[in-house]
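Reader: I would like to learn how to read contacts, cores, strands and rings in a model. Could you take me through them one at a time?

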Amino acid sequence: METFLIIIIVILVVLALGVKIIPQSKAYVIERLGSYDRTMQTGPHYKVPIIDRIANVVNLKEIVKDFEPQPVITKDNVTMQIDTVVYFQITDPKLYTYGVENPISAIENLTATTLRNIIGELELDETLTSRDIINTKMRSILDEATDPWGIKVNRVEVKNILPPHDIQEAMEKQMRAERERRESILKAEGEKKAAILLAEGEKESMILRADAKREAQIREAEGEAEAIIKIQEATAQGLKLLKEAKMDEAVLKLKSYEALVDVAKGNATKIIVPSDIQNLATFGTVLTETSKKE
């Protein structure tokens, strides 16, 4: 009886060991008696003890592999080091398990040979400026080549491009010379713009000064003209008033005498008194005008 219980317990333990729960993003490749039988996906599964064997546990997540730099030669015979990063995913666990020995190593070697072929068709300058083209070509070639292995290449990135040391120095000198040239051009353009702005400022200043001078002359001429007009109007108004007042000869002679007095007080050095006192008014007027002219 005890032996029977032991046998039953052993059978139950063996059966329990055959229960497998597959986690997310994993796949188990199962062989039965040495031959491929099935692929266990996520969830509970049962593996027959002794008869079934787990041949491979496959990770279904996207895998990132950063491969070591590879020496490549450009079309113009420049040797450089290029390292790449490959993003791939296992889509068929059976093909991945039985398609190729050591798939990661196979992808690395395939990446190196593909990179050499692509770079061999490009010159140095094209290699440095055509990363997107290199990435696209490599992804297309690798994806097609790894399809029989159950692998899908999602993306390939050229991480670093390292030319020889002397090439790097020459490129740095070229870049430095280019920066200095651009700096000289920008400086010359700045000085040119500054000179233009200064000349335009001086031109506008001269125009404004000329306009101000012309305006002042016009105002001065207008003022003199207006003063002359006012004097003429005042003279005419005075004559009009005299005419309206009907001044007699005695008043005119008195005014003439007053004019003679004013002349005597002025700068005149000689005074001529006419014998005919009756012509005093007329003579006084003449002397007054002469004094003003002098």
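Reader: Which residues does V86 touch, not counting residues up to four places away in sequence?

Author: Contact means heavy atoms within 4.5 Å. By that rule V86 touches I63, V64, K65, F67, I107, T111, L142, V153, R155 and V156. Before we go on: this is a predicted model, where local features need pLDDT of at least 70 and side-chain atom pairs count only at pLDDT 80 or more, while totals for chains, interfaces and linings use all residues. Residues are numbered from 1 along each chain as its sequence is written, and side-chain values use heavy atoms, with hydrogens and water left out.

Reader: Which residues touch the most other members of the largest nonpolar core?

Author: A nonpolar core is a set of buried Ala, Val, Leu, Ile, Met, Phe, Trp, Tyr and Cys residues joined through side-chain atoms within 4.5 Å. Buried means under 20% relative accessible area, exposed over 50%, and partly exposed in between, with a 1.4 Å probe and protein chains only. Here the largest core has 30 residues, and I82, V86 and I134 touch the most other members. Two or more residues each come from β2 (26-32), β8 (79-90), α3 (103-119), α5 (131-146) and β9 (151-162). The largest share, six residues, comes from α3. These labels are DSSP runs numbered from the N terminus: helices are H or I of at least four residues, strands E of at least two.

Reader: How many bridges join β2 to β3?

Author: Two strands pair if DSSP finds at least two bridges between them. In this case five bridges join β2 to β3, and the strands run antiparallel.

Reader: What sits over the ring of Y87?

Author: A charge sits over a ring if NZ of Lys or CZ of Arg is within 6 Å of the ring centre and within 35 degrees of the ring normal. For Y87 the charged end of R155 does this, 4.1 Å from the ring centre.
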